[in-house]
Every structure is written in structure tokens, then in C-alpha cells.
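Open the model in your viewer and keep the selection panel at hand. Each stop below gives something to select and says what is there.

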Amino acid sequence: MLRFIPIPAQAGISGFESPAAEYTQSALNLDELLIDHPSATYLGYAEGESMVGEGIFSGDLLVISRFEKVKDQDVVVANLNGVFVCKKIDKRRAMLLSAAPDRAPYHIREGDDFQIEGVVIRSIRLHRPLVKSI
Amino acid sequence: MYALCDANSMYASCEKIFDPSIRNKPVVVLTNNDGCICAACHIAKRLGVGKKFIPYFQVREDLERAGAVIRSSNYELYADISQRMMDTCSRFAPRCHVYSIDEIFHFYEGWVPPEGWFEHGRAIRRAVWTEVRLPIGVGIGPTPTLAKAANHAAKRIEGYRGVAVIDNETARRHILQNMALTDVWGIGSRLAKRLQALNIDSPWQLANANPGWIRKHFSVLVESTVYELQGVVKLSWDDVRASKKEIYSTRSFGQRIRTPDVLGQALVQHASIAAAKLRRQQSLAGVAVIFATSSPHDAQGYYRKYITHRFAVPTQDTTVIANACRQAVQAIYRPGVPFYRCGVGLIDLSEKAAFQQDLFTPSADNPGLMQCLDAINARYGRNTAYLAGQGIQQKFAMRREFLSPQYTTRLSDIPRIQC
């Protein structure tokens, strides 16, 4: 459980009473903070470098919501011919866009098996590996 | 009005959620220990493979020829997906009752959805598909039995495509005329035969039978079914569910057991599962039934042995029940028998609240320890803390050769997504 103390940022000017004197402590947990619709939210690991332009690196943890309505240019997880991929969706031109300079966009063709699985609502950098097991 | 939502081929559908490479393939799921088929997706059914409860080894080649994907039962995954399905469905009705892992009843009291019942059913189905990726059928009707009938129609009768509503006479007649008697909730095949002997051949005829006459020939339960088919509510799940009269934990082993130590460990594990259930319903057990058997199909003949152990004082303590098991092993075990199945049953149950202490035989229960054990396991998962008597390495664990990852409940099994 993460303990969260909401103290507004200060410019360091002295002479005022410390706002921390009356701070309230509230308990937050990351699930509540990051996940709006638990029964429609899934986790996934990113694998590959094609989304670095969106700040998603290989090994990052993705929080994927099936609840969100998919908007144009959203970062989504999709099933493309039996493989889960993470791309930006271009709804008007039916394309999957990468966020790396060397990757060409992918045109979704008629014979493709394609469904959008959910919207990537957060990505979490694991600066140290996860050690907990559930 | 009532609605019944249930998942199509729940287990097979769960397997497809996190493995898009098998979504267009025939998927067949096996029972405990990979013994029999317990679920098949619609593609497998269309190919004529995956009939329920057929032993896997009998149809292995047929399945291979059909290109079927075989999976062991992944209960961890199904339980999590079930929870998500129930959460999603529950948004749509003021009151709900989870009936099984893949079925939930809705009760709308007087409320009527502004968009109409059919559109409401479609909205539930759509929400579960987009949010959980589980295909479900929705049946809506004025009684639980008619909701169940509508649910049958939603999935099986042509033209309904997943949603059926019984809110008028035409719909009620059409659906009841297009079902078999055994499709009616509570009508098994033996009951159906007896009904047919009295010239009641279809659910529609049953609905039009005289309830009093049915009661005389059958039972109050069948009479209630007739009323329900007519639109009069007779079933209720608001009555407090009675505590279970007996609690069993039993299972067959992945591999045969041949040593008393391992048999003892397996029994102690069953003791701990049953005792935890006992504490959850706040009961005490007077007697434990402890048993082990070989397989009836084993060449060397069937062996089974039961021990009933009466406790000096009714108990709900895992250690007390486990001790009884350790003693029983000596009586049950016989060298050379390949043990296939064992279990512990707790019977002669009484309510803990009504228990009278005996001055001369004090209870050996340690409620503080049990409370602590249950609290740890509730918080950190089953078997986080357990008796050493269960064995550290559980050699008798289930055989699950074709197990898929636990995508939603285990960190190492979280799906990989290509970037």
C-alpha cells in the first residue's frame, strides 16, 4: 500500500505557517489510482522497440483497458493475425502506426484477422525488475 | 422480470481470450487430471469433436486429425474471468445472483429498461464481449425458469442470436414449443420419460398442465416448474441458503500413489481444505470419513477402504482433523495397491454458535491458530501457510499437461505484447 501525503509544492518562502501542519494522510493503492474499471483491465508486457516514441520500451508493463472507447491515434493493443501487438491506431486510413523512425505503418488488409483488444491507458517503466509473485 | 446470462463454452472461451492464435481453431478443454473432455468451443462442436465427458485417450486421434487445440482446466484463469463477467453483468440489474461459474441471474423487481428488454439484453451481451471478451447468451423472462428457457432459445433456437426475451404470449409459446422437456430447468431425463408416459411431450404441454394434478403425480418441485412456465414466480434465492450438511474434499491423483507417507500427505491436504470450508460456514464436525481407493479400471482389482473417525468433541480445527487422517493412513494403506483417489468428508455437522462445552472433555481446537491460518491464506492465497503434514513437495498434484498460463493471476504469466 502506498501512503500518499498531499502537500502542495512550495516555493520555499518563509514566514508562513507550514501547510504540512494540518496535512491529512490518506491511503491510496496503485490499483485504485491507476485502474478505473478493474473488471475490464488487463496487464501485459511490452516486447520490442517500435513504440519508444510514445515512451513505451521493451519490458514495460502495459495497463490495457477494454472499457475505453477507442479514439483515433490512441495507443492500443490489437490482435493482428493471431499475435497481440501494441500500435497507434489510425482509424481513418485503417493503419497501425509505430512510434519509431525506422518502422513503416501497417495497412490493415481485407484478409487480416484484426480486432482491437483494448486501449493502453498506462505504461509503467520497471526500473528494477518485479520481484513479487502473486 | 428476470434475466439469465451465461457464457458460451465458458472454459474454451476463456482459453481464447489471451491467446489470439487459437481464436479461429477448435479448442477442447480437459477435466481434472486431463481425464475427460469438459468443454469445447463452437468450432470444435461444428467439427463434431469435443463431446462432453468422453475420456480424452479415446478420442485423442480424432482430435489430432481435426487440428484441435487441447488445454487442461486452468481454474485460476476461469475463476478470474468469471469474476469479471459477473462484475460486468451486475451493472445492469438492481439485484443479481451468481448461480455458477458461468451463470448469473438478474432480478429487475419493477424496473423496466427504457430501451426495451431486447435492447437491454443486447447491451449486456455487448458489454461482456467488449470488456471481458467472453461470448454470452442472455435470456429474459418473467420467472427464473422462463429466463432460463429464453436463455436456451438465445443460444440454441435459430433466429435469436444470443438474446431472447419472453415478454408476451407469442414468444412464450414459440420458445416452449421449440424446446425439449429436458431443456427445462429442473426436468431431468428420468422425469421427462415419466411425463411423456402421461402424454406430456413438450415444455408447452407441461406449461398447460394442471399444477395440482402434476403435484399429485410428481412433486411440489415439478408443480413449481409448471407455475413458473406459466409466468408465476415460485423459485427464490432470497431464502438464506442452508449450511451444507456435509463437506467433502476429494480428488484423483495425477500419478498413482504407492507409499503411506504420500497418501498421508494427500489426506492431510484434503483435511485442511475441508476444515477451511467448515470454518467458513461456522460449523463443527462430529465425524470425519477418511478414504482411499485404487482405480476401478486397474487390472489388479479394485481396492477401497473407508475409516470413520468420531471426534471426542466436535471440531473445526485443521490439526485435529489432520491427526485423525495420520492415524487412519495405517488402517487404509496396503502395500502394493496403486492408490488413485482419496478424500476426507466431514459429516455430523453442527453450528458452532450452538455448541455446548463439556466439562470433562475439553475441546482440542485452537481457534486463534485457525483464525490466523485462514487470515494468512485469505490474504496471500491458498496454501501460503499449511501443515507440514501436507508435504513440502506435493507429488500428488493434479496432472495438467496442457495448461495455459495464468494470464491474470500470476506475474510471470502476464501476456507479451509485440511492439
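Predicted model: local features only at pLDDT ≥ 70, side-chain atom pairs only at ≥ 80, totals over all residues.

**Stop 1: chain B overall**

Chain B has 419 residues, and 50% of them count as buried. Of the contacts in chain B between residues at least 6 apart in sequence, 66% join residues at least 24 apart.

**Stop 2: the interface**

Now show both chains and select the residues in contact. On chain A there are 37, and they meet 23 residues of chain B. About 2600 Å² is buried between the two chains, with carbon and sulfur atoms giving 56% of that area. Pick A:Tyr45, A:Glu47 and A:Phe84: together they supply 29% of the area that chain A buries against chain B, more than any other three residues.

Between chain A and chain B, 18 residue pairs are in polar contact, counting pairs with both residues at pLDDT 80 or more. Next, colour chain A by strand. Strands 3, 4, 5, 6 and 9 of chain A each supply at least two residues of the side that touches chain B. Strand 3 of chain A gives the largest share, seven residues. By class, this side of chain A has 20 nonpolar, nine polar and eight charged residues.

**Stop 3**

**Stop 4: salt bridges across the interface**

Three salt bridges cross between chain A and chain B. Zoom in on B:Arg23 and A:Glu117, whose closest N and O atoms are 2.6 Å apart. B:Arg23 sits in the loop between helix 1 and strand 2 of chain B, while A:Glu117 is in strand 9 of chain A. Are these two residues buried or exposed? Both B:Arg23 and A:Glu117 are buried.

**Stop 5: salt bridges inside chain B**

Select B:Asp80 and B:Arg84. They form a salt bridge, with the closest N and O atoms 2.8 Å apart. The two are separated by about one helical turn because they are four residues apart in helix 4 of chain B. Both B:Asp80 and B:Arg84 are buried.

Then go to B:Arg279 and B:Asp374, another salt bridge, at 2.6 Å between the closest N and O atoms. B:Arg279 lies in helix 12 and B:Asp374 in helix 14 of chain B, so the pair ties together parts 95 residues apart in sequence. B:Arg279 counts as buried at 10% relative accessibility, whereas B:Asp374 counts as partly exposed at 27%.

**Stop 6: a loop residue and a hairpin**

Select B:Val49, in the loop between helix 2 and helix 3 of chain B. At 11% relative accessibility, B:Val49 counts as buried. Beyond its neighbours within four places in sequence, its contacts include B:Ala40, B:Leu63 and B:Ala66.

Strand 5 and strand 6 of chain B pair in the antiparallel sense over five bridges, and a hairpin of two residues joins them. B:Arg95 has B:Phe107 as its bridge partner.

Notes:
Residues numbered from 1 in each chain as written. Chains lettered and ligands numbered in written order. Heavy atoms only, no water. Contact = heavy atoms within 4.5 Å. Buried area = accessible area lost by both parts, 1.4 Å probe. Salt bridge = Lys/Arg side-chain N within 4 Å of Asp/Glu carboxyl O. Polar contact = N/O pair within 3.5 Å; in protein donor to acceptor, adjacent residues only side chain to side chain. Nonpolar A, V, L, I, M, F, W, Y, C, P; charged D, E, K, R; others polar. Buried < 20%, exposed > 50% of the residue type's maximum accessible area, 1.4 Å probe, protein only. Pairing = 2+ DSSP bridges.
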